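Hello,

Here is the structure we talked about handing over. Please open it alongside this note, which goes through the findings.

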Amino acid sequence: SVSSLNQDELMKTAPRSTAEIFRALPGIRAESSAGGGNSNIAVRGMPLSTGGAKYVSLQEDGLPILLFGDFDFAPADGFYKVDGTLDRVESVRGGTASTLTTNGPGGIINFISKTGSTEGGSIALSTGLDHDDYRAEFEYGGALTDTVYFHVGGHWQQGGDYRDLGFDAVSGGQIRASLTKEFENGFIRVNSKWLDKADATYMPQAAGLSGDEVTDSIAGFSATNDSLHSPYIRNGRDV
């Protein structure tokens, strides 16, 4: 089966991470509790295995982000950051996907970027209401000549302190650009991307057990609001 999400549908998902977009795709189960990456992504009818996205190929403009579904604690969703440069998301699920990519027997999820064929742009600023998080993003595209058009955009984010870590869990951003030359029977497009962004990875939290009841806290630690991260181990952050 094939599904597509346009810009209006993407905005409705209000994604805090790449994997949260997948929840709007039929037949895709996405668990994005680990933060900005390292998500568990499964396709209906196939096992979740040991986590990650072993049976799904994530692609950027038709090219695999990783040749494998994931590596240990580094699935492909950690290497793609969503912002205003994304035009739409297309997915193919089922056996057809395995004929179009490597390591994608469950499905393909393809992120299609804006190209500037439609002139215009946007600026977005956001901040956390009950936590420290600041993000700015922009994108703009348009025609240079009758047959040449461009698009450029990106974002920068600092903070991401959804839990009290004692340091900025999210820091960095990306810039993306493309230049397209159209011909009578086709086109040539050059894409570039600079990505330098760190996201804290949240692993399973400590919880208490009282009789047969699992409790949220042990010894003053809240599994809902606190974190095992601290400034003393911040250099051990993952993707």
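**Findings: pockets, sheet and overall shape**

The lining of the second largest pocket splits into 5 nonpolar, 13 polar and 10 charged residues. Please keep in mind that this is a predicted model.

That second largest pocket has a volume of about 520 Å³. Its lining holds 28 residues, and Asp61, Ser113, Lys114, Thr115 and Asn191 lie nearest the centre. Several strands supply at least two lining residues each: strand E5 (63-64), strand E8 (86-93), strand E9 (107-113), E10, strand E13 (170-183) and E14. E14 has the largest share of this lining, with 4 residues.

Now the largest pocket. Its volume is about 1,300 Å³. The lining counts 49 residues, and Ala14, Pro15, Arg16, Ser17 and Arg135 are the closest to the centre. Helix H1 (7-13), E10, E11 and E14 are the elements that give two or more residues to it. Which element gives the most to the lining of the largest pocket? E10 does, with 6 residues. By type, the lining of the largest pocket divides into 20 nonpolar, 16 polar and 13 charged residues.

As background, strands of a sheet pair through backbone hydrogen bonds.

Here are pairings to check inside the sheet:

- Strand E11 (residues 134-143) and strand E12 (residues 148-159) run antiparallel and are joined by 10 bridges. Phenylalanine 138 has glycine 154 in E12 as its bridge partner.
- E12 and E13 are antiparallel too, with 12 bridges between them. Here glycine 153 has arginine 176 of E13 as its bridge partner.
- E13 and E14 also run antiparallel, joined by 14 bridges. Isoleucine 175 faces its opposite, tryptophan 194, in E14. A hairpin of 2 residues joins E13 to E14.

Next, the pairings around E8. Strand E1 (residues 2-5) pairs with E8 in the antiparallel sense, over 4 bridges. Leucine 5 stands opposite valine 89 of E8. E8 pairs with E9 as well, again antiparallel, over 7 bridges. There, leucine 86 stands opposite serine 113 in E9.

Last, the protein as a whole. How many helices and strands does the protein have? There are 1 helix and 18 strands. The radius of gyration is 20 Å, close to the 18 Å that the globule rule gives for 239 residues, so the protein is as compact as a globular protein of that length. Along its principal axes, the C-alpha trace spans about 70 × 40 × 30 Å. Of the 239 residues, 44% are buried.

Best wishes

Terms used:
Residues are numbered from 1 along each chain as its sequence is written. This is a predicted model: local features need pLDDT of at least 70, side-chain atom pairs count only at pLDDT 80 or more; totals for chains, interfaces and linings use all residues. Side-chain values use heavy atoms; hydrogens and water are left out. Two strands pair if DSSP finds at least two bridges between them. On a 1 Å grid over the protein atoms alone, a cavity is a set of points where a 1.4 Å probe fits but cannot get out, and a pocket is an open set with protein on both sides within 12 Å along at least five of seven lines; lining residues have an atom within 4 Å of a point. Grid points are joined across faces, edges and corners, and a volume is the space filled by probe spheres set on the points. Ala, Val, Leu, Ile, Met, Phe, Trp, Tyr, Cys and Pro count as nonpolar, Asp, Glu, Lys and Arg as charged, and the others, Gly among them, as polar. The radius of gyration is taken over C-alpha atoms; the globule rule is 2.2 Å times the number of residues to the power 0.38. Buried means under 20% relative accessible area, exposed over 50%, partly exposed in between (1.4 Å probe, protein chains only).
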